[in-house]
Amino acid sequence: MTAINVFLKTFPPETNDWTGKVTFSFGYPRHGWLQLAITCSAHVQGLIIELSGLFDPFKSFIHWLDQIVAGDLPARFHINEEGPGKVLRALPVDEDEFLFQIAEWGWQESWGIEEPLFMYVQVSKKQFLSEFLKQWDDFMLHKYDPAHWDDIGNDLTRLDVSRIRRFVEG
C-alpha cells in the first residue's frame with residue numbers, strides 16, 4: 001500500500017476534492033535512460049518514472065495522449081522500467097476533465113492486496129495536455145540528445161504530436 005492509498009482512505013474522493021494541476025519534467029537522456037517526473041497539486045503528489053530506451057514508451061505515450069484528446073476514455077498504457085513499471089490511466093469524468101491515475105504495472109487482484117496507486121487526481125484535459133506539450137517542446141529543443149537514446153529507442157523527432165498541439169492551440 002502506498003501513501004496515496006492511505007490518503008484516499010482518509011480523504012475519499014466521494015467527499016473530498018481531488019482536483020488539481022499536473023506537471024511534467026523530462027530529464028536528460030543518458031545511455032538509453034531518461035527520467036520523467038510527474039507531480040500534481042492535489043494533495044502534493046509526485047514520482048519519478050525511469051524510461052528505458054530498450055522498452056521505449058514514447059509511441060504508446062503519444063497514442064495514449066491522442067486518446068485523451070479524442071475523449072476515447074478510459075485509456076491506459078504501461079511503462080516498462082526494465083522490470084517494475086507503471087500504468088498510466090485516464091478515466092472519464094466529463095467532457096473537460098478526467099481522472100488521472102498512476103498505478104503499479106503488473107499488479108493482480110489475485111495477490112490479495114490493494115492496488116498500489118502512486119498518483120490520483122481529477123484534472124482538466126486542457127491543462128494536462130498543455131503542460132505535456134510545453135514540457136515536450138522544451139525537452140526536444142533543449143535536452144534531447146539522440147546519441148543517448150536513438151541507438152536503443154525510437155527517433156523521438158519523428159513522433160507526431162500534432163493532434164495534441166491542435167487541441168491545445170484550438
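Colleague: At the start of α3, what does a side-chain oxygen of S124 reach?

Modeller: At the start of α3, a side-chain oxygen of S124 comes to within 3.2 Å of the backbone nitrogen of K126. The pair falls under polar contacts, meaning N or O atoms within 3.5 Å, where within protein one must be able to donate a hydrogen and the other to accept it, and where residues adjacent in sequence count only if both atoms are side-chain atoms. Helices (H or I, at least four residues) and strands (E, at least two) are DSSP runs numbered from the N terminus.

Colleague: And what sort of model is this?

Modeller: It is a predicted model, in which local features need pLDDT of at least 70 and side-chain atom pairs count only at pLDDT 80 or more, while totals for chains, interfaces and linings use all residues. Residues are numbered from 1 along each chain as its sequence is written, and side-chain values use heavy atoms, with hydrogens and water left out.

Colleague: How many residues does α3 have, and what should they span?

Modeller: Helix α3 (residues 125-143) has 19 residues, which at 1.5 Å a residue should span 27 Å, and its end C-alpha atoms are 26 Å apart, which agrees. The expected span is 1.5 Å times one less than the number of residues.

Colleague: What covers the buried residues of α3?

Modeller: The cover includes β1, β2 (33-40), α2, β6 (97-104), β7 (117-124) and α4 (162-169). Among the buried residues of α3 are F128, L129, F132, W136 and F139, where buried means under 20% relative accessible area, exposed over 50% and partly exposed in between (1.4 Å probe, protein chains only).

Colleague: Switching to α2, which of its residues are buried?

Modeller: They are F58, F61, I62, W64, L65, D66, Q67, I68 and V69. Just after α2, G71 takes a positive phi of about 75°.

Colleague: How do α2 and α4 cross, left-handed or right-handed?

Modeller: The crossing is left-handed, that is, the near helix is turned anticlockwise from the far one by less than a right angle, clockwise being right-handed. The contact (heavy atoms within 4.5 Å) is made by I62, L65, D66 and V69 of α2 and R163, I164 and F167 of α4.

Colleague: Which residue forms a salt bridge with D66?

Modeller: D66 pairs with R163, the closest N and O atoms being 2.9 Å apart. D66 lies in helix α2 and R163 in helix α4, so the pair ties together parts that are 97 residues apart in sequence. A salt bridge here is a side-chain nitrogen of Lys or Arg within 4 Å of a carboxyl oxygen of Asp or Glu. D66 counts as buried at 11% relative accessibility, whereas R163 is partly exposed at 38%.

Colleague: What else does R163 meet in a salt bridge?

Modeller: The side chain of R163 also meets that of D160 (3.8 Å, N to O). Salt bridges that share partners join D66, D160 and R163 into one network.

Colleague: How many salt bridges are there in the whole structure?

Modeller: A search of the whole structure finds six. Another one is between E81 and K86, at 3.1 Å from N to O; E81 is buried at 11% relative accessibility, and K86 is buried at 10%.

Colleague: Last one: where is G20?

Modeller: G20 is in the loop between α1 (3-10) and β1 (22-26), and at 18% relative accessibility it counts as buried. Not counting residues up to four places away in sequence, G20 touches S41, A42, V121, Q122, V123 and Q127.
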